[in-house]
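Visitor: Please take a close look at the aromatic rings here, and at what surrounds them.

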Amino acid sequence: MLINRVITAVSIRIKNKLRPPKSELEQLRDRGLKYGKNFEFYNSLIDQGHCWLVEIGDDVTITNSTILAHDASTKAYIGKSKIGKVKIGDRVFIGFNSVVLCNVTIGNDVIVAAGSIVTRSIPDNSIVAGNPARVIGKTSEYIEKHKANLAIKPVFDTYWPYKTQEQIQLIQEELQDDFGYDE
């Protein structure tokens with residue numbers, strides 16, 4: 001019995017070395033998730049049970065957030081979960097700790113602020129924030145404002161993992177009472 005377990009464990013290790021386990025994103029794609037080029041997916045959750053209802057465009061970043069294509073709040077009452085497509089356009093940023101609920105379309109060039117709960121569709125060129133998320137501005141105006149700030153605010157060019165202690169100390173001093181921009 002013990003020898004069989006050892007042989008099985010060794011077989012699994014050899015198999016995993018020859019064919020490493022798939023990443024979470026690869027598994028979601030295999031289950032039907034559609035996403036475009038330059039999709040950045042950091043510590044986030046996409047509804048595994050209904051990922052085939054999720055479409056994500058090009059140049060999208062999702063950070064520490066949740067995308068749901070189902071709502072099980074109805075299950076105990078009517079025996080079924082509500083489901084709906086989630087469509088995320090091109091050039092979308094979904095900030096830390098946000099939740100996108102089912103049956104929502106997020107347009108192109110959208111910024112979803114950290115901590116937002118997206119309960120309804122968002123038009124192109126919008127910044128949304130809050131719970132529930134609501135439009136607070138235009139992406140194009142926000143980007144222009146920050147491009148202009150690059151000329152007057154501190155700008156740092158070393159990517160964060162490569163910063164020296166001296167660079168970190170300088171940044172801390174320069175940002176004592178203001179903000180700046182980093183790589």
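**Aromatic pairs**

Guide: Five aromatic pairs turn up in a search of the whole structure; rings of Phe, Tyr and Trp (its six-membered ring) pair if their centres lie within 6.5 Å, and planes under 30 degrees apart count as stacked, over 60 as edge-to-face and the rest as tilted. Tyr-35 and Phe-39 form a tilted pair, because their ring centres are 5.3 Å apart and their planes stand at 45 degrees. This is a predicted model: local features need pLDDT of at least 70, side-chain atom pairs count only at pLDDT 80 or more, and totals for chains, interfaces and linings use all residues. Residues are numbered from 1 along each chain as its sequence is written, and side-chain values use heavy atoms, with hydrogens and water left out.

Tyr-35 is partly exposed at 27% relative accessible area, while Phe-39 is buried at 10%; buried means under 20%, exposed over 50% and partly exposed in between (1.4 Å probe, protein chains only). Ring pairs join Tyr-35, Phe-39 and Phe-41 into a cluster. Ile-56 has contacts (heavy atoms within 4.5 Å) that include Tyr-35 and Phe-39, leaving aside neighbours within four places in sequence.

Phe-179 and Tyr-181 make an edge-to-face pair, since their centres are 5.8 Å apart and their planes are at 75 degrees. Phe-179 is partly exposed, at 37% relative accessibility, and Tyr-181 is buried, at 17%. The charged end of Lys-153 sits over the ring of Phe-179, 4.7 Å from its centre; the criterion is NZ of Lys or CZ of Arg within 6 Å of the ring centre and within 35 degrees of the ring normal.
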